Amino acid sequence: MDENKTTVVENPVTLDDYKYSNISQEITKYDKHMHLVGKLWMGGILILLLSVPFIIAAIFQTTIDFNVFTKGEIWVLIISQYVGAIAEVFIYCGMLGKGGSYIAFVTGNLSNLKIPCALNAIDIAGTKTGTKENEIISTIAVASSSIVTTIMIVIGVAAFAPLQPIFSNPVYQPAFGSVVYALFGAMLVKYVIEYPKLFVLPFAIATIIGCCWQSVGGNVMIMMIVCAIISMGTGLVLLKLKKI
């Protein structure tokens, strides 16, 4: 056997194929460690969140009124939030990967901070969803967003007292209430230009629901689930028809 013989690869892996990457997709020690640390942090933050009412009750030496759970409105709110939380996991984890997902769900502010940062970083890097490169980029983006957010919160808390007259000024209130809409509006334009066929049907249905069924259209969680299902269904149909 000739040891110097070069092996010819008939079907070389290219960066244009979303199924492959230049990094092995096998589960590594890093992946297992990330899942372990992520589960520990998720469990810890869950305990802290659930303990908040008990801590407040202990500080103010009062009791918790559990009779509130006998009201139907509370369960409607809980179920709507619960369904939305499950939907967020399925929608966001695929694009963020395990590292970015754990950090994002622990630190919060997914829709208005973590997801835009991750999508922008992924778009700049040109990585493909489902690859290790994509996960690395999204994890770095989400972690950077978390660090910057924490620093800005510290600065904001320290500067809140002298700036309180500005925040409470009714002239500026409409601007503060429109920040999230402006952020997503700017992001939306970019994706509408790139994928106009994926935009028309979800936007039309969301507009009709918002105008004709305001109780549902005003619920962000429900609309997110509805639009996500419609968008994914539309994408699969257009992909099968080779229209995109």
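Phe199 and Phe203 both belong to helix α7 (residues 196-212) and stand four residues apart, about one turn of the helix. Helices here are DSSP runs of H or I with at least four residues, and strands are runs of E with at least two, numbered from the N terminus. The model is predicted: local features need pLDDT of at least 70, side-chain atom pairs count only at pLDDT 80 or more, and totals for chains, interfaces and linings use all residues. Residues are numbered from 1 along each chain as its sequence is written, and side-chain values use heavy atoms, with hydrogens and water left out.

**Aromatic pair**

- One aromatic pair is found in a search of the whole structure.
- This pair, Phe199 with Phe203, is stacked, at 4.8 Å centre to centre and 25° between the planes; rings of Phe, Tyr and Trp (its six-membered ring) pair if their centres lie within 6.5 Å, and planes under 30 degrees apart count as stacked, over 60 as edge-to-face and the rest as tilted.
- Phe199 is partly exposed at a relative accessible area of 24%, and Phe203 is partly exposed at 47%; buried means under 20% relative accessible area, exposed over 50%, and partly exposed in between (1.4 Å probe, protein chains only).

**Asp31 and its surroundings**

- Asp31 lies in helix α1 (residues 29-59) and is buried, with 4% relative accessibility.
- The side chains of Asp31 and Lys98 are joined by a polar contact of 3.0 Å, that is, a pair of N or O atoms within 3.5 Å; within protein, one must be able to donate a hydrogen and the other to accept it, and residues adjacent in sequence count only if both atoms are side-chain atoms.
- Not counting residues up to four places away in sequence, Asp31 touches Glu26, Lys98 and Lys132, where contact means heavy atoms within 4.5 Å.

**Positive phi outside glycine**

- Gln61, not a glycine, has a positive phi of about 55°; this residue sits in the loop between α1 and α2 (72-107) and is exposed at 74% relative accessibility.
- Asn109 also has a positive phi, near 55°; its place is the loop between α2 and α3 (110-125), and it is partly exposed at 39% relative accessibility.

**Nonpolar core**

- The largest nonpolar core comprises eight residues: Tyr92, Leu96, Ala104, Leu110, Ile115, Ala118, Val142 and Met224.
- Helices α2 and α3 each supply at least two residues of this core.
- Such a core is a set of buried Ala, Val, Leu, Ile, Met, Phe, Trp, Tyr and Cys residues joined through side-chain atoms within 4.5 Å.
- Met224 is in contact with Gly84, Glu88, Ile91 and Tyr92, leaving aside its neighbours within four places in sequence.
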